[in-house]
Amino acid sequence: MPVTRRFFLKSAGLTLFGAGCVPSFMRRTAFALDVGGRRRKVLVAIFQRGAVDGLNMVIPFAEKDYFSMRPTIAIPEPQVHPATGAGPAAIDLDGFFALHPSLARMKPLFDARQLAIVHAVGSPDNTRSHFDAQDYMETATPGVKSTRDGWLNRYLAAKPEADSTPFRAVAVAPRMPRMLAGQASSLVVEEIKNFRLLGRPDPPPFVPSTPAAEELAFEEMYASSQDPLFSTAAAETFVAIRTLRRVAAETYQPANGAEYPHGKLGQDLQQVAQLIKAGVGLEVAFSNVGGWDNHLNEGGVEGQMANNLKELGDALAAFHTDLGDRMEDVVVLTMSEFGRTARENGNRGTDHGHANAMFVLGGPVKGGKVYSEWPGLKPGELNQDRDLAMTTDFRDVFAEIVVRHLGAQNSAAIFPGFTVNAERFRGFIA
Amino acid sequence: MARCLTGWTIRRPRYEAEFFFNPRMHDYHPKLVLGRKFPPGRGMEDGQEVLHLLAHHPSTASFISTALCRRFVADDPPQSVVERATSTFQSTGGDIREVVAAILTSREFNSPAVYQAKVKSPLEYVASSLRAVGADTDAGLPIIMALDRMGHPMFQYEALSGYADRAGTWINSSTLVCRLNFAMLLAGGRLPGTAVRLQNLPALNANPSGRGLVDAVAEQLLGSPASPSTVEAIVSKGGLGPEFEVAAYRPRGTRPEAATVAGLLLASPEFQRR
């Protein structure tokens, strides 16, 4: 029987996920919530806003210039035979690169081959403006300011799915990030339990499965409206509200002893995990974390950046632990608009630079390796004599993930003005 | 272009906003801008000439006129009104008042086809809601946060182009939830720093019957009748008690009902547009 939107809204209003004529995606959501439905490949994109110092995050300790360029903030090289009482040092990965000690919880992931690092990744555009560079990375059109949509949105549009739900793309953020902005719809859910209608002045006691009376009125107003823009947006909105009400009804318990750190990133990733496990049809998740713009007092082994890295490492490790087997289908990617200067500045910090390091974490990743065509830090090897030079275009990293992990076929539409060529993929996705 | 403007600065930047041309900071070498050669040795005239060039450039007339048409008529305004505005701009030497007048008196602006074609930006939505209920507000944090959540953190757009004046910029599931919640919170007097006295609405004293009341309140708040589908939705699904339908309307006793009706009306699809 043909299911009109009006019919579906009415039946959804009466019984949440009731039996009977329910559109396919609703059926799948209900099914997935109860049993575990189709397992989608998932990408979690995390934007480190402010330009993280990749050279202190993943230290090229074999480069002697690293130490002379950073007299106060360099991370001590890995100790082969640590003396008693010696402070923390970089954590050796492969004899050339090492992790900042605050990322200790990521070392086991690297050893278990779940974590890969791509280094000296950057943009062909040389801007040192945060705004412009973030824009270029989120739209994946470096140098072009007129692109309105994000590359992840173009991915969604290029690969429509018959059974997609309103949760196909979710940004755990206060506003829609540019990376997800565009024609294809995506959801902004800063906190699962707050994505709801607040209702009348004297609300009746909150009963999780029953929508408030105004919710029905709102839904009816919008469903029966002659305004196509709003009736379409509203249809998805109300499905999202009901689904999240159901998800939020149970207190979430991270699995396998995972402990998320208390900061925002930990909370954001926990919500992403919750949505993945709830089987609501999540395919692309986005979060961002700030505080990386360390012009002043960046700190070395300890300090501002170290604190931020601890939160990052602990949150990623907790997410990995929490998802357990489900990580088989999940890839987490970190990115930042550019790196920082190779030399420290006069304020024990670093300034805007060029190439950077990205983490790629997940079951499909060929981890335990740092993928890089390392350009070096010696004089003559730096970009503009200031920064780490770029040897991998960030679009190649994005492309490898959308093609090899998410299975996109129309990559030309996703990366306008760029020729995707699998031969340039670094090979971090199996 | 940047070289022409070298030297244009502020005399005491941290103290007061006094413009001053500093010849020591100016680049006196020859320049080429928009095909025009600027001879060497000129100071402030370089900047003045480049501004003159830009102001008279046909693209400027067209860009500004298009933006104004997008502001008043529709996201994609008909080419005819854009052309009319552009030629007015050019013939009046950039008199914005004349350009706006040309747009507002145009056939295209006054056409029923573009009635309420524009979706209100969050700022327009919040401001029109506050005015509709006669709110007394300090425009404090709850209002700022509401704007932020609706996707319009004031003055914080990252790029120089500013917020795009289009429906797609403002409307998605999450911002829609914010608008609906804002309407209910506002009407219910639950926004700290913003006082609403709905019982003073004259409509509330007039008509006791449910449907008629919704119509009267709509006329009062929205400035025009609500659509039949909106009225029907409120009356049938608004969860309003039987006393709302039947009894004589007493503002004090029935305040929660008034707040609900007002909130639903402010949240209606038609009130999202202008």
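This report walks through selected features of a predicted model with chains A and B.

## Reading the model

Residues are numbered from 1 along each chain as its sequence is written, while chains are lettered from A and ligands numbered from 1 in the order in which they are written. Because the model is predicted, local features need pLDDT of at least 70 and side-chain atom pairs count only at pLDDT 80 or more, whereas totals for chains, interfaces and linings use all residues.

## Where the chains meet

Let us start with the contact between the chains. Chain B supplies 33 residues and chain A supplies 36 residues; two residues are in contact if their C-beta atoms, placed from the backbone, lie within 7 Å. On the side of chain B that touches chain A, the elements giving two or more residues are α6 (141-149), α8 (173-187), α11 (228-237) and α13 (255-266) of chain B. Helices here are DSSP runs of H or I with at least four residues, strands are runs of E with at least two, and both are numbered from the N terminus. The largest share of this side of chain B, 8 residues, comes from α8(B). By class, the side of chain B that touches chain A holds 15 nonpolar, 13 polar and 5 charged residues. In this scheme Ala, Val, Leu, Ile, Met, Phe, Trp, Tyr, Cys and Pro count as nonpolar, Asp, Glu, Lys and Arg as charged, and the others, Gly among them, as polar.

One helix pair spans the two chains. Helix α9 (residues 228-248) of chain A packs with α8(B) at an angle of about 85°, their axes 9 Å apart. Axes are lines fitted to C-alpha atoms, for helices over the stretch in contact, and angles run from 0 to 180 degrees between N-to-C directions. That makes α9(A) roughly perpendicular to α8(B); angles under 35 degrees count as roughly parallel, over 145 as roughly antiparallel, 65 to 115 as roughly perpendicular and the rest as oblique. Ala233(A), Ala234(A), Glu236(A), Thr237(A) and Ala240(A) of α9(A) meet Ser173(B), Leu176(B) and Val177(B) of α8(B). The contact of α9(A) with α8(B) has 5 nonpolar, 2 polar and 1 charged residues.

## Domains and helices of chain B

Chain B is assigned domain 1 (8-55), domain 2 (57-114) and domain 3 (119-274), with bounds from an automatic or database domain assignment. The centres of domain 1 and domain 2 of chain B, taken over C-alpha atoms, are 31 Å apart.

Helix α2 (residues 58-72) of chain B and helix α4 (residues 96-104) of chain B pack at about 45°, with their axes 10 Å apart. α2(B) is therefore oblique to α4(B). The contact joins Ser65(B), Leu68(B), Cys69(B) and Phe72(B) of α2(B) to Val99(B), Val100(B), Ile103(B) and Leu104(B) of α4(B). By class, the contact of α2(B) with α4(B) has 7 nonpolar, 1 polar and no charged residues.

Now for another partner of α2(B). The axes of α2(B) and helix α3 (residues 79-91) of chain B come within 8 Å and cross at roughly 130°, so α2(B) is oblique to α3(B). The contact of α2(B) with α3(B) has 8 nonpolar, 5 polar and no charged residues.

## A sheet in chain A

In chain A, 3 strands form an open sheet in the order β2-β4-β3, with antiparallel pairing; two strands pair if DSSP finds at least two bridges between them. Strands β2 (58-59) and β3 (91-92) of chain A stand at the edges with a single partner strand each, so one side of each has no neighbour in the sheet. Between β2(A) and strand β4 (residues 98-99) of chain A there are 2 bridges, and Val58(A) has Leu99(A) as its bridge partner in β4(A).
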